[in-house]
Amino acid sequence: RHVLVVGAGHSAVTTLLDLVDVARHEPGTRITWLVRGASVARTYGGGDADGLPARGALGARLRSVVEAGAVELLRSARITGMAPADGRLQVDVDTDGRSTVLVVDAVVGATGFRPDLDPLRELRLDLDPGLEAPRGLAPLIDPEHHSCGTVPPHGADLLAHPEPGFFVVGMKSYGRAPTFLLATGYEQVRSIAAHLAGDHRAAAEVRLELPETGVCSAGLPGSDDGRVQDPVATPAGCCGTGAPLLLGVPTGLRHGRSANRRAEVGA
């Protein structure tokens with residue numbers, strides 16, 4: 001099967017690496033990776049310089065399989081159309097003014113996320129209109145100004161809403177901002193638990209040290225082939241996307257082991 005993966009975050013990275021593993025057991029599997037930007041330096045990340053070594057290893061492994069030809073990379077690409085094609089999908093792609101037609105078995109769309117606020121419609125919320133994060137927290141996590149490691153510690157005071165006793169924590173507290181790390185969520189929950197227990201001093205003492213290097217930086221300089229030249233962290237966007245969306249995957253094919261029968265991979 002031919003699978004097209006769209007996106008440049010961690011959901012795309014892990015999906016691509018899972019597909020490469022499947023392709024080792026299923027010759028003929030074809031993997032195409034489509035990104036909007038001209039460089040994938042940020043996706044490859046800081047390698048050994050990443051403050052989270054396992055995260056740095058993901059980018060390094062992806063770069064190696066792309067350079068080895070196991071994954072076909074299309075940069076500066078936009079999908080301009082999709083249509084059924086005899087049980088497959090025809091995907092029309094524009095790359096710097098050049099039109100390409102791909103016929104694939106499935107598309108994994110790992111292109112971003114936003115919180116589902118429908119369950120909270122009857123509650124009194126105070127959300128930033130742009131990020132859909134708590135209004136007090138939004139300026140501190142804005143990916144235009146912050147990376148994962150430059151987000152300051154925060155707890156119950158910034159996560160509260162007008163609804164008494166109601167807090168949103170974890171990735172959903174960040175709204176559309178992709179700068180969330182699990183360590184941040186753990187401290188959020190600790191602060192809120194202290195607040196609910198009446199220990200307001202402990203709730204206010206939020207302490208957190210986060211890494212500032214590697215793919216938390218959207219400003220990683222790189223050559224045109226996406227190789228990182230100097231993994232220096234700069235305040236900008238970050239860490240990945242939500243669960244990928246799959247198109248063209250029959251329900252009954254989602255859990256097989258064979259790449260020729262399997263199109264869904266975990267991210």
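Author: By the rule used here, the count comes to 1 cavity of 30 Å³ or more. A cavity is a set of points, on a 1 Å grid over the protein atoms alone, where a 1.4 Å probe fits but cannot get out, and lining residues have an atom within 4 Å of a point. This is a predicted model, in which local features need pLDDT of at least 70 and side-chain atom pairs count only at pLDDT 80 or more, while totals for chains, interfaces and linings use all residues. Residues are numbered from 1 along each chain as its sequence is written, and side-chain values use heavy atoms, with hydrogens and water left out.

Reader: What volume does the largest cavity have?

Author: Grid points are joined across faces, edges and corners, and a volume is the space filled by probe spheres set on those points. For the largest cavity, the volume comes to about 50 Å³.

Reader: How many nonpolar, polar and charged residues are in the lining of the largest cavity?

Author: The residues that line the largest cavity include Leu-117, Leu-120, Glu-132, His-161, Lys-172 and Ser-173. Ala, Val, Leu, Ile, Met, Phe, Trp, Tyr, Cys and Pro count as nonpolar, Asp, Glu, Lys and Arg as charged, and the others, Gly among them, as polar. By these classes the lining has 7 nonpolar, 2 polar and 2 charged residues.

Reader: Is His-161 buried or exposed?

Author: His-161 is one of the residues lining the largest cavity, and its place is in the loop between α5 (156–159) and α6 (182–196), where helices (H or I, at least four residues) and strands (E, at least two) are DSSP runs numbered from the N terminus. Buried means under 20% relative accessible area, exposed over 50% and partly exposed in between, with a 1.4 Å probe and protein chains only. Because the relative accessibility of His-161 is 8%, the residue counts as buried.

Reader: Which backbone nitrogen does the side chain of His-161 reach?

Author: Contact means heavy atoms within 4.5 Å, and, not counting residues up to four places away in sequence, His-161 touches several residues, including Arg-124, Leu-125, Asp-126 and Phe-166. A polar contact is a pair of N or O atoms within 3.5 Å; within protein, one must be able to donate a hydrogen and the other to accept it, and residues adjacent in sequence count only if both atoms are side-chain atoms. At 3.1 Å, the side chain of His-161 reaches the backbone nitrogen of Asp-126.

Reader: How many helices and strands does the chain have?

Author: The chain has 267 residues, of which 47% count as buried. Among its contacts with a separation of 6 or more, 64% join residues 24 or more positions apart. Its secondary structure comes to 7 helices and 8 strands.

Reader: What span do the end C-alpha atoms of α3 have?

Author: The expected span of a helix is 1.5 Å times one less than its number of residues. The 15 residues of α3 should therefore span 21 Å, and this agrees with the distance between its end C-alpha atoms, 21 Å.

Reader: Which elements are included in what covers the buried residues of α3?

Author: The buried residues of α3 are Arg-55, Gly-56, Gly-59, Leu-62, Val-65 and Val-66. An α-helix has 3.6 residues a turn, so residues three or four places apart point the same way. What covers the buried residues of α3 includes α1, β2, α2 and β3.

Reader: Is Asp-96 buried or exposed?

Author: Asp-96 is in the loop between β5 (88–95) and β6 (98–104), and its phi is near 50 degrees, a positive value in a residue other than glycine. Most residues other than glycine have a negative phi. With a relative accessible area of 58%, Asp-96 is exposed.

Note on methods. 1 Å grid on protein atoms, 1.4 Å probe; cavity = no way out; pocket = protein on both sides within 12 Å on 5 of 7 lines; lining within 4 Å.
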